[in-house]
Amino acid sequence: MRLKEIHSSDLTASCPKFVELRLKGMTRPAATTALYRGLVAGESMRLLHERHIHGGTEPALYSMLVSEAAAIVDATLAAEGRLKTPAVEASMSDVVTDVASACEKYWMKLQPRMSKWTLLGCEVPVRWKYAPRYPEFASHIDCLLRDENGGLVVIDWKWKAESPTYQYLARNMQMACYYACCFEGRFLLNDGLSTEWVSLCEEPRMVWLQLPALLPFGRKTRCEDDKGMEVEFSRGDDRPIRMAWKEIEYGHLPSTVDDIRAALMQRARMFKNDIFPQNPDPVGCTICEAESFCKRFDTIV
Ligand code: SF4
């Protein structure tokens, strides 16, 4: 398969076979609930940062902010010819309630530190030509900031049911590529000042922000608090912020970017040679947008 670009979503899909079918255009033009909730959460966080955290005022109503974000997502999906599934329509009020609660906690827990930082942009386009004759890496970084010491911070907002382990994060190709892009890639900052692609050439702090972990505990739980003390939390208690704010340490070695480059080149060679191993998942296949195109071996019609 000839590829002009590799996108971050090609590197982290749970099923490589899905990547093959998507690249061939063989997916239903539909948005599943998980996808929709993630899009609305991302758009809500963008509005929260641009208008409020760096604009100085707390939203009057978080549910209004999320409803506005949902309207923007709906318009984008409609422009792309993608339909919301009946399951998305049925869960709309849950999506707004959950994301509004996460926005409120985001404000309470993170606004005090992040309001002192400078926003370089949300949904920032980034590109990395990591090797000659290989397809360029292309993506959008959810949130790019400078902290109070001038350090670069990359935040990726995630709405996933399962909280990632550190072992998973340390191998996550999307985060690794964003890290390498900060040294060698180009960015189109939407900070209101930049109009051209720029290189940053500096080491970033890399943060996976697990948004559902901003919501309170749903049941009694015993775990470490933010001071490392074993504590019993009750239903409704706030979770420790370390459960949401997950920073990845990349070793600070000159070889780290070369290791990421080598892993990305390997993925590119696999895609070029049509190697997309089938790796079905009993739950994932049920809700997969490519399911009706994907070969199956049973005899049930
Ligand atoms: S139906 Fe299953 S095996 Fe096929 S692309 Fe989707 S997740 Fe992968």
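How do the residues of the shell around the ligand divide into nonpolar, polar and charged? I began with this and found 8 nonpolar, 2 polar and 3 charged, where Ala, Val, Leu, Ile, Met, Phe, Trp, Tyr, Cys and Pro count as nonpolar, Asp, Glu, Lys and Arg as charged, and the others, Gly among them, as polar.

I noted that I am working with a predicted model, in which local features need pLDDT of at least 70 and side-chain atom pairs count only at pLDDT 80 or more, while totals for chains, interfaces and linings use all residues. I number residues from 1 along each chain as its sequence is written.

**Ligand shell.** I listed 13 residues around the ligand, of which Cys-15, Phe-18, Cys-285, Cys-288 and Cys-294 come nearest; a residue is near if its C-beta atom, placed from the backbone, lies within 6 Å of the molecule. I saw that α2 (16-23) and α10 (284-287) each supply at least two residues of this shell, and that the largest share, 3 residues, comes from α2. My helices (H or I, at least four residues) and strands (E, at least two) are DSSP runs, numbered from the N terminus.

**α8 and α9.** I then looked up helix α8 (residues 173-184) and helix α9 (residues 255-272), which pack at an angle of about 125° with their axes 10 Å apart; the axes are lines fitted to C-alpha atoms over the stretch in contact, and angles run from 0 to 180 degrees between N-to-C directions. The two are therefore oblique to each other, since angles under 35 degrees count as roughly parallel, over 145 as roughly antiparallel, 65 to 115 as roughly perpendicular and the rest as oblique. Among the residues making the contact I noted Met-173 and Phe-183 of α8 and Ile-260 and Leu-264 of α9, contact requiring C-beta atoms, placed from the backbone, within 7 Å. I recorded 10 nonpolar, no polar and 2 charged residues in this contact.

**α4 and α6.** I found helix α4 (residues 62-79) packed against helix α6 (residues 92-114) at an angle of about 120°, with axes 8 Å apart, which makes α4 oblique to α6. The contact includes Tyr-62 and Leu-65 of α4 and Val-96 and Cys-103 of α6, and I recorded its residues as 8 nonpolar, 2 polar and 1 charged.

**β9 and β10.** Cys-223 has Val-231 of β10 as its bridge partner. The two strands form a hairpin with 5 residues between them, and Gly-228 in the turn has a positive phi of about 85°.

Conventions
Contact = placed C-beta atoms within 7 Å. Pairing = 2+ DSSP bridges.
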